[in-house]
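Here's a quick tour for someone meeting this structure for the first time. Have a look at it before reading on.

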Amino acid sequence: MGHTRILVVLAVAAVAIGAVTGGAVAQSSGDDADLYESLEEMVPAYNENADSVNLGPVSIAGTSNIYIEDGDSVVTYSMTIDDRNRITDLSESPDDDAVRKITTDRETIERLTAADNPARAFRDAVANDDIVITGEDGQTVERIKWAVINAFKGFFL
């Protein structure tokens, strides 16, 4: 019973620390500019092939924050996608009004930016869980929606 109580206290402490710090993560300062520049350069090719982003009945239109894990740090950008799956805005900072959270790693982003068809590469990365889409913090409906979508995406991707 004593071990269980210690684990509960540690879990509560971890949640409290996360709440106090706001879940802040370190921003990598190394190659962030190069990574963002690669994303900017990829946008025209992505938009030319946006019809390749068939996520079934799912829409990714709207603003999403992109969290890119890079070692011990996380780089965060934001992007806006229109109803035709085209990227209409890309920003080097997160957007407080984003409804979705797109999480991936640097290697996956580098594969996307190097792909001949980055839109197809994006769709495939979502299907393979190399890219995970969820609702952004505070977006309860979006979080529930994406939990269901992620559970059943194998049936339509």
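## Ground rules

This is a predicted model, where local features need pLDDT of at least 70 and side-chain atom pairs count only at pLDDT 80 or more, while totals for chains, interfaces and linings use all residues. Numbering runs from 1 along each chain as its sequence is written, and side-chain values use heavy atoms, with hydrogens and water left out.

## The cavity

Search the whole structure and you get two cavities of 30 Å³ or more. A cavity here is a set of points, on a 1 Å grid over the protein atoms alone, where a 1.4 Å probe fits but cannot get out; lining residues have an atom within 4 Å of a point. The largest cavity comes in at about 150 Å³, volume being the space filled by probe spheres set on the points.

Its lining has twelve nonpolar residues and no polar or charged ones, with Tyr and Met counted as nonpolar. Among them are Leu39, Met42, Tyr46, Ile66 and Phe122. Helix H2 (32-48) gives the largest share, three residues; helices are DSSP runs of H or I, at least four residues.

## Helix H2

H2 has a kink of about 35° at Met42, shortly before Pro44. That bend is the angle between axes fitted to the seven residues ending there and the seven starting there.

Buried residues (under 20% relative accessible area, 1.4 Å probe, protein chains only) in H2 include Leu35, Leu39, Met42 and Tyr46.

Definitions and conventions:
1 Å grid on protein atoms, 1.4 Å probe; cavity = no way out; pocket = protein on both sides within 12 Å on 5 of 7 lines; lining within 4 Å. Helix = DSSP H or I, 4+ residues; strand = E, 2+ residues; numbered from the N terminus. Buried < 20%, exposed > 50% of the residue type's maximum accessible area, 1.4 Å probe, protein only.
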